[in-house]
Amino acid sequence: MTTIAIVGAGKGLGFEVAARFGREGFSIALIARNQARLDELAAALREHGYDAAGFAANVRDQDSLRHALELATEQLGPIEVLQYSPLPAKEYMRPVLETTAEDLVGPVEFSIYGSVTAVRQVLPGMRAIGHGTILFVNGASAVRPGARVTGTSVAFAGETAYAQLLHDAVRDEDVHVAQLIIPFGIDDGQPEHSGAAIAEQLWAIHSERGDFRTYAEPLPE
């Protein structure tokens with residue numbers, strides 16, 4: 001049995017993705033900062049019959065992230081799918097004229113250093129089993145910078161560049177790297193914006209292995 005590791009797992013999209021992949025027989029590694037919340041989420045998934053466990057880590061602490069992914073592999077099995085989707089902090093979203101160099105440290109550590117660390121931890125295992133999927137989940141500022149969300153705009157751009165380069169580098173190894181852009185608020189009341197609907201899109205990206213970038217819906221004009 002192989003594992004999906006969800007970095008940035010929570011009770012919304014994280015839970016829905018976990019359940020969607022769990023229905024397909026995946027074990028589920030939930031990774032976020034709060035172990036108590038992870039334990040509650042894992043328990044809820046186990047009640048549905050899924051094999052799930054939580055592993056606390058801070059994506060800005062590279063050692064803790066590596067350790068969490070290592071433990072997940074040891075306890076649940078090889079990581080076949082990595083989803084990198086931690087929710088950025090509000091302080092990363094300042095207007096451009098109010099943003100200092102110091103303000104960009106957190107977003108860059110969060111979106112770029114964290115994603116690179118996670119990928120480098122799981123990629124050898126994917127190569128060992130002969131296949132894998134790496135999913136990057138971002139908001140619209142990853143492809144359309146927003147003047148009021150400068151930190152995420154800058155950091156998501158770097159994460160996007162890394163993801164695209166990674167896609168090109170490993171596509172001949174049966175490791176599919178993909179990015180899903182979500183230009184709306186998840187669970188905002190519209191059925192197509194629900195966590196379950198997005199989880200279905202992520203499953204399709206994994207199983208169909210199409211283009212690098214998918215839009216959950218077209219960007220507004």
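**Briefing: a helix pair and its chain**

Helices H1 and H2 cross in a right-handed manner (the near helix is turned clockwise from the far one by less than a right angle). The contact, meaning heavy atoms within 4.5 Å, involves Phe15, Ala18 and Ala19 on H1 and Leu41, Ala44 and Leu45 on H2. This is a predicted model, in which local features need pLDDT of at least 70 and side-chain atom pairs pLDDT 80 or more, while totals for chains, interfaces and linings use all residues. Residues are numbered from 1 along each chain as its sequence is written, and side-chain values use heavy atoms, without hydrogens and water.

**The helix pair**
- H1 covers residues 13–22 and H2 residues 35–47; their axes come within 11 Å and cross at roughly 35° (axes are lines fitted to C-alpha atoms over the stretch in contact, with angles from 0 to 180 degrees between N-to-C directions).

**Secondary structure**
- The protein chain has six helices and seven strands (DSSP runs: helices are H or I with at least four residues, strands E with at least two).
- Starting at the N terminus, the order of elements is β-α-β-α-β-α-β-α-β-α-β-α-β.

**Overall dimensions**
- The C-alpha atoms of the protein chain fill a box of roughly 50 × 40 × 35 Å along the principal axes.

**Burial and contacts**
- Of the 221 residues in the protein chain, 49% are buried (under 20% relative accessible area, with a 1.4 Å probe and protein chains only).
- Among contacts in the protein chain with a separation of 6 or more, 72% are between residues 24 or more positions apart.

Technical notes. Buried < 20%, exposed > 50% of the residue type's maximum accessible area, 1.4 Å probe, protein only.
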